[in-house]
Amino acid sequence: MPKRTRFTTWRPLVTAATAALMATLLTPVAAEAAPGESRPVHSYENAIREAVWVDTGLDGDRDGKADRVAVDIVRPREPARQGRKVPVIMDASPYYSCCGRGNESQKKTYDANGTVTRMPLYYDNYFVPRGYAFVGVDLAGTNRSDGCVDVGGRSDIQSAKAVVDWLNGRAKAYTTRTGTTRAKAAWTNGRTGMIGKSWDGTIANGVAATGVEGLKTIVPISAISSWYDYYFQQGAPLYDSGPEWLSDYVNSPDARAKCAAVQQKLVDGAPRSGDWTPLWTERDYVRAARKVKASVFLVHGMQDLNVRMKHVGQWWEALAKNGVERKIWLSRTGHVDPFDFRRGAWVETLHRWFDHELMGYDNGIDREPMADIERAPDQWTTSKTWPPSGTRAATLRPDRGTQAGVGTLGLPRGHGTETFTDDPQLSETDWAAQIDKSTPEKAGFVTRPLTRDLRLSGSSEVTVTATPSTPTAHLSAVLVDIGPATIRDYADAGEGITTLTDRTCWGASTTGDSSCFKETKAKTADVGYTIVSRGWADLGNHASDLTGAPLTPGKRYTITLDLAATDHVVPEGHRLALIVAGTDKGLIDPPADKPRLALDLSRTSARVPFVGGATAFARATTGAAFATPGAGLLDGVRDPRTTHRVPEGSQ
């Protein structure tokens with residue numbers, strides 16, 4: 001993706017008079033109880049629970065009828081009785097019946113009449129008593145909806161967009177899946193906020209990128225911003241299958257029987273070559289960021305190896321370029337919901353965010369620091385903007401050391417060559433553990449021990465000039481913090497959390513829908529190094545990110561690898577390392593060959609965004625001597641897991 005200038009702009013603040021008026025119109029009881037905050041004054045037990053089926057205008061399953069998507073609704077009864085309209089919090093998901101939501105894999109449950117009795121997660125329990133409606137949408141092809149899953153394409157996005165249109169009086173809905181009785185959304189003011197983790201959050205990104213009226217905010221958690229980058233990075237395959245596997249995974253039995261044509265389109269449109277096709281253009285929300293009108297509260301784990309941090313960097317920069325109101329939380333977890341790593345602060349912040357964006361309360365959240373960043377397990381800091389002001393890219397250059405493959409990293413231009421041979425049985429953890437040893441599968445370059453803390457913030461890139469010995473070659477570039485630390489164990493099954501047996505409650509409960517969820521705590525590991533950022537590419541894509549070509553053995557090629565966004569402080573006394581290698585086991589698939597690659601160090605460099613830029617890097621690396629090669633094996637987390645991932649968890 002092209003690099004974009006970052007800047008920040010917030011919408012003009014709601015005046016106190018306007019906020020007070022809106023609070024009175026929307027939730028007068030709450031406004032009297034605590035101005036600027038919605039309060040749980042409505043009965044959850046007596047809430048209205050209903051279902052409608054919204055016409056998407058598509059016929060994905062080719063049965064000759066427009067597809068209808070099922071929409072389960074929980075809304076407070078009292079405002080409806082008084083003729084007052086409420087805003088909507090919406091989670092559109094493919095997982096409501098096949099796989100479940102949240103840390104406890106909850107699914108929708110229904111009574112004998114087909115009315116939802118349990119909505120997964122806590123959104124309805126917590127927010128409905130506070131004057132919001134909660135809407136759970138089954139994507140087309142899943143649970144009780146018609147149509148076919150097309151993995152982020154037109155059907156997926158229209159499934160949810162049509163519901164936003166219906167909430168704003170622009171689309172049709174019916175009281176049953178096949179009937180003709182119309183349903184109106186007269187109970188809502190149309191102000192909608194979308195939320196969800198992983199695929200759900202991805203749908204929120206995609207719907208926002210349509211510019212649909214009435215969508216006021218989205219809260220994408222661990223979400224995809226471009227589906228190509230879920231399956232490939234610059235031609236390098238990240239998984240051994242394509243979107244057709246994923247659609248089959250979540251399609252309902254009815255959809256599987258009808259959706260062979262859609263499945264074949266996914267196969268044909270996503271060749272394993274890694275070339276960009278029109279299928280990926282349709283599923284690239286970054287290119288449509290200019291249409292986004294909703295504010296964005298983005299949450300992601302910086303060690304998420306399922307939906308990787310590249311999705312954050314490119315989406316955030318595109319939103320910034322287009323002046324979108326933004327807020328961000330970055331944790332040290334893997335693919336984990338903030339409800340499970342910072343529960344109390346998360347619910348409070350989300351409450352205030354929705355109150356501001358959907359209720360119109362001037363509660364000051366828009367004037368608070370833009371970013372919350374986890375520095376160490378359960379230790380958080382804030383930044384007024386993100387990346388912080390004063391962040392500038394410094395060009396770091398690798399150079400040869402006293403042993404092969406054990407080089408230095410600094411500001412002066414390097415010289416000579418380093419060689420390595422791709423070993424698909426090894427990963428970034430193997431490379432980093434032996435950073436100070438000469439090993440045949442990697443080239444490592446390390447700074448001097450730092451004399452002061454050094455903060456990286458944003459997206460890096462590594463330009464590599466390499467000569468391959470074979471017609472195919474994959475490259476990995478990894479930034480590593482070398483030094484002892486206690487980190488969240490993101491490679492563990494819980495990806496940085498341990499689930500406990502005690503429960504805490506967040507909102508009201510009924511017999512069929514409890515608001516009480518298992519508590520969690522940080523799962524930590526003591527390590528000798530920490531992976532900071534990663535990037536991969538097929539060297540055959542040297543001329544274009546969009547298409548690859550066979551390599552000529554013995555010919556020199558230059559390619560720039562995009563590294564994932566991050567925010568990390570390398571402490572005083574630690575070292576920063578750059579590793580260049582081939583296949584990163586578990587994170588990319590190997591090429592057809594096992595190439596030997598020679599790096600031209602004079603034409604290889606890394607552009608890394610430091611707070612303070614090159615000056616900060618120079619000050620932090622002046623005076624200390626380079627470490628002596630040959631140190632012992634460093635401890636780290638286990639290898640990245642190679643189980644088949646879906647954008648929900650590592651199932």
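Modeller: Happy to, keeping in mind that this is a predicted model. Let's start with Trp 199: apart from neighbours within four places in sequence, Trp 199 is in contact with residues including Pro 94, Tyr 95, Leu 139, Asp 156, Trp 227, Leu 246 and Pro 647.

Biologist: What makes Pro 647 a contact of Trp 199?

Modeller: Contact asks for heavy atoms within 4.5 Å, and Pro 647 is on the list of residues in contact with Trp 199.

Biologist: Which residues touch the most other members of the largest nonpolar core?

Modeller: Trp 166, Trp 187, Met 194, Trp 199 and Trp 227 do, in a core of 103 residues. Helix H5 (residues 154-167) gives the largest share of this core, seven residues. A second, separate core has 37 residues, among them Ala 443 and Leu 551.

Biologist: Why is Ser 198 called buried?

Modeller: Buried means under 20% relative accessible area; Ser 198 has 0% relative accessibility, so Ser 198 counts as buried. Ser 222, at 1%, counts as buried too.

Biologist: What is the phi of Ser 198?

Modeller: Positive, about 65°, although Ser 198 is not a glycine. Most residues other than glycine have a negative phi. Ser 198 lies in the loop between strand E8 (188-197) and helix H6 (199-208). Ser 222 also has a positive phi, near 50°, and lies in the loop between strand E9 (215-221) and helix H7 (228-231).

Biologist: Is the peptide bond from Trp 386 to Pro 387 cis or trans?

Modeller: That bond is cis, with omega near -10°. Pro 387 lies in the loop between strands E15 (379-383) and E16 (391-403).

Key
Residues numbered from 1 in each chain as written. Predicted model: local features only at pLDDT ≥ 70, side-chain atom pairs only at ≥ 80, totals over all residues. Heavy atoms only, no water. Helix = DSSP H or I, 4+ residues; strand = E, 2+ residues; numbered from the N terminus. Buried < 20%, exposed > 50% of the residue type's maximum accessible area, 1.4 Å probe, protein only. Core = buried A, V, L, I, M, F, W, Y, C linked by side-chain atoms within 4.5 Å.
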